[in-house]
Amino acid sequence: MTATASFTIDSPLGPRTATVSYVRKGAGEPLLLLHGIGHHLQAWHPVTDILAAEHEVIAVDLPGFGASEPLPAGVPYDLATVTPALGALCAALGVERPHVAGNSLGGLLALEMGRSGLARSVTALSPAGFWTEGERRYAFATLLALRAGARALPRPALERLSLSAAGRAALTGAIYARPARRSPEAVVAEALALRDATGFEETLAAGGSVRFTDDVPGLPVTIAWGTRDRVLLRRQGVRAKHTVPGARLVRLPGCGHVPMNDDPALVSRVILDTARSATARQAA
């Protein structure tokens with residue numbers, strides 16, 4: 001069941017109220033799940049039940065995406081604003097320093113939460129921010145093309161395409177290595193989420209100058225990359241490892257940019273292993 005939370009955030013304009021949608025399930029140490037740009041919390045559905053067997057899972061629609069409201073007018077969608085906003089969300093939900101797993105934009109936010117002391121462990125799946133300028137331009141062009149396609153197709157056309165494996169590949173093959181595994185209903189919902197994302201352009205603009213250049217010391221960090229990622233090429237994982245030398249770098253064989261659907265068991269194991277290492281470290 002989707003719920004909403006409203007909380008106060010700091011912004012260059014002063015305190016403002018943000019409202020986001022989230023799903024919460026399971027029991028145990030809290031685990032916050034953050035999706036990528038243009039996506040929504042349903043991206044985590046393939047792994048949520050597995051993770052909820054050990055954790056209280058909180059999957060969030062980021063501000064301006066999914067069912068969450070956009071940030072208040074004039075409030076930037078940059079790391080300096082969104083990262084503490086996620087910390088404020090956790091406080092509003094009564095959660096202190098969750099484990100955080102994120103994909104793409106969500107992976108970058110997870111790393112930033114770890115660097116800022118807001119997370120007890122971090123799993124970043126194909127995180128943004130480790131690109132060269134050419135790789136960034138390629139990724140942004142891919143994302144803009146996906147959004148243009150989603151906006152150009154009326155819902156009946158999306159529904160017809162989603163019924164065949166070839167149609168699902170045409171709609172989501174850029175982000176999934178195994179798009180035929182995605183259900184028709186999920187593919188349509190993803191296209192609509194991308195089409196209707198009110199925070200898309202401002203988030204993309206804020207990301208134009210982003211480079212993650214700092215270490216994330218003092219907590220377990222795993223950086224995982226799909227071997228068939230067509231948006232953020234896997235060589236960026238090597239740069240990420242150089243930037244965060246204490247991180248564990250993991251290959252996700254046969255997975256694309258959004259790996260949760262391509263191999264739910266593997267992705268769940270990577271996230272759970274990272275969280276367990278934090279728990280073991282705390283107990284030692």
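**Helix contacts and salt bridges**

Author: In this predicted model, Arg168, Leu171 and Thr172 of helix 6 are in contact with Pro184, Val187 and Glu190 of helix 7. By class, this contact has 3 nonpolar, 1 polar and 2 charged residues.

Reader: At what angle do helix 6 and helix 7 pack?

Author: The angle is about 25°, and the axes are 11 Å apart. Helix 6 is therefore roughly parallel to helix 7, since angles under 35 degrees count as such. The crossing of the two helices is left-handed.

Reader: And how do helix 5 and helix 6 cross?

Author: Their axes cross at roughly 120° and come within 6 Å, which means that helix 5 is oblique to helix 6. Leu158, Leu161 and Ser162 in helix 5 touch Gly167, Arg168 and Leu171 in helix 6.

Reader: Turning to salt bridges, how many are found in the whole structure?

Author: The search finds 17 salt bridges. One of them joins Arg136 to Glu133, with the closest N and O atoms 2.6 Å apart. Both residues lie in helix 4, 3 residues apart, about one turn of the helix.

Reader: Is Arg136 buried or exposed?

Author: Arg136 is buried, with a relative accessible area of 12%, whereas Glu133 is partly exposed at 31%.

Reader: Which distant parts of the chain does the pair Glu201 and Arg151 link?

Author: The side chains of Glu201 and Arg151 form a salt bridge at 3.7 Å, N to O. The pair links helix 8, which holds Glu201, to helix 4, which holds Arg151, and the two residues are 50 residues apart. Glu201 is partly exposed, at 39% relative accessibility.

Definitions and conventions
Residues numbered from 1 in each chain as written. Predicted model: local features only at pLDDT ≥ 70, side-chain atom pairs only at ≥ 80, totals over all residues. Heavy atoms only, no water. Axes fitted to C-alpha atoms, helices over the stretch in contact; angles between N-to-C directions. Helix = DSSP H or I, 4+ residues; strand = E, 2+ residues; numbered from the N terminus. Parallel < 35°, antiparallel > 145°, perpendicular 65-115°, else oblique. Left-handed = near helix turned anticlockwise from the far one by under 90°. Contact = heavy atoms within 4.5 Å. Nonpolar A, V, L, I, M, F, W, Y, C, P; charged D, E, K, R; others polar. Salt bridge = Lys/Arg side-chain N within 4 Å of Asp/Glu carboxyl O. Buried < 20%, exposed > 50% of the residue type's maximum accessible area, 1.4 Å probe, protein only.
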